[in-house]
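This report covers a two-ligand model and asks how its parts are arranged. Please read it alongside the sequence and coordinates.

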Amino acid sequence: MTSRILVMPGDGVGPEICREAVRVLDVLAADHGLDIELDEALVGGAAIDVEGDPLPESSLAAAREADAVLFGAIGGPAWDNLERAKRPESGLLRLRSELGLFANLRPAILYPQLAHASALKPDVVSGLDIMIVRELTGGIYFGKPAGTGRTEAGLREAWNTMRYDEAEIERIGRTAFEIARARGHRLCSVDKANVLDVSQLWRDVMNELAGEYDDVELTHMYVDNAAMQLVRAPKQFDTVVTTNLFGDILSDAAAMLTGSIGMLPSASMDANGKGLYEPVHGSAPDIAGQGLANPLAVILSVAMMLRYTLDRGDLADKVEAAVGYALDRGLRTRDIMDDETQIASTQEMGGAIVDMLR
Ligand code: NAD
Ligand code: IPM
Ligand code: MN
């Protein structure tokens, strides 16, 4: 059966890197029997400029109808001063929420070829393979009340609410336990239970679930310590589960362990295996349009799509291997370059992956 894939390139480097990911999908379709149909839709600033809305109804409808979404990145200085609901970021948040994409899987894997590109010493990161499971449709990103106003004394004030109910925690907890079960059987839940009521509930529910997964070792860590441990001794982690905001922050930190944020893919899953696949990084306005963006994060996101939604783990393996071969050959975009390697453009890197797959 033909799978429908919606490509949403977005802003900044989004279109440049998505172009390379689409070339990868095209070669898989042409040479490896991948049965797909591609469509494209506007999102973010690009949609604001055309339709005045970061997630036009037509784009949302197309995303609902698709079997999987490939998402580039959104945002940029041109739209930073719009009111919050009209900003590009709100379009992405709404898309995640409307599609029920509650589980965000962010694997941080070090390719051995990049041991020297990591900000940490090679022996601290060699062999690194962590899975961060980030809750994506709740917590402080969506909690009510949220808003801005004035105090009685006339001072400007603003507030957000970090809120979870136990069903939301249980749902992401089960996903994380299942993932840990299929990996190293160790799950670290990251919270701030020493201070926040919402974190205490999180911890309680994780502990209750642990009884059903006695083959998985559950530990807890406060988020401040977790940030420190991630850069001190990252290999102590196997699977990590955490809330929306903490997961956002910790996954950017984890990205740097792998050499660059341009290496980190992600999958945002609903309860039925439908997914939105996107790099962890943003629209990188500082390098947009210059051929400097690393397309590997979005290409590795394609691999996650092949594995999780399209049921083509065989092709996912091929794409990941092709990334390895390209790195073996010394191809490096600027973000992962070192003294011994030469700079490759976004397009050259994508082209190398396509050649390997051919
Ligand atoms: P960013 O991830 O866009 O960039 C941070 C740094 O990493 C920059 O120096 C950038 O050049 C570099 N970088 C990012 N991706 C890269 C790649 N593929 N190759 C090489 N270098 C790369 O984060 P930011 O600067 O904080 O945010 C810029 C905009 O992106 C903001 O509008 C933000 O809201 C948005 N954003 C969007 C997403 C998303 O679409 N999912 C994620 C994060 C940030
Ligand atoms: C990410 C981004 C988004 C987030 C923003 C752009 C809404 O940082 O995907 O990591 O905070 O989730
Ligand atoms: Mn982020």
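The text below takes up the domains, the core, the ligand shells and the annotated sites.

This is a predicted model, in which local features need pLDDT of at least 70, side-chain atom pairs count only at pLDDT 80 or more, and totals for chains, interfaces and linings use all residues. Residues are numbered from 1 along each chain as its sequence is written, and chains are lettered from A and ligands numbered from 1 in the order in which they are written.

The chain is assigned domain 1 (1-102 + 262-358) and domain 2 (129-257), with bounds from an automatic or database domain assignment. Their C-alpha centres are 25 Å apart. To the contact, domain 1 and domain 2 each give 10 residues; two residues are in contact if their C-beta atoms, placed from the backbone, lie within 7 Å. On the side of domain 1 that touches domain 2, helix α4 (residues 88-98) supplies the largest share, 3 residues. Helices are DSSP runs (H or I, at least four residues), numbered from the N terminus.

The largest nonpolar core has 108 residues, and Val69, Leu70, Tyr277, Ile299 and Val302 touch the most other members. Such a core is a set of buried Ala, Val, Leu, Ile, Met, Phe, Trp, Tyr and Cys residues joined through C-beta atoms within 7 Å. Helix α10 (residues 296-308) gives the largest share of this core, 10 residues. The core lies between domain 1 and domain 2 because both give residues to it.

A residue is near a ligand if its C-beta atom, placed from the backbone, lies within 6 Å of it. Around ligand 2 these are Gly75, Glu89, Leu92, Leu93, Asp248, Val280 and Gly282, and α4 gives the most, with 3 residues. Of the 21 residues around ligand 1, Gly75, Gly262, His281, Gly282 and Asn294 come nearest.

UniProt, in an unreviewed entry, lists Asp224, Asp248 and Asp252 under "binding site"; such annotations may be inferred rather than shown by experiment. They are spread over 29 residues of sequence but cluster in space, with a largest C-alpha distance of 14.5 Å.

A residue is buried if 20 or more other C-beta atoms lie within 10 Å of its own, exposed if 12 or fewer, and partly exposed in between.

Conventions: Helix = DSSP H or I, 4+ residues; strand = E, 2+ residues; numbered from the N terminus.
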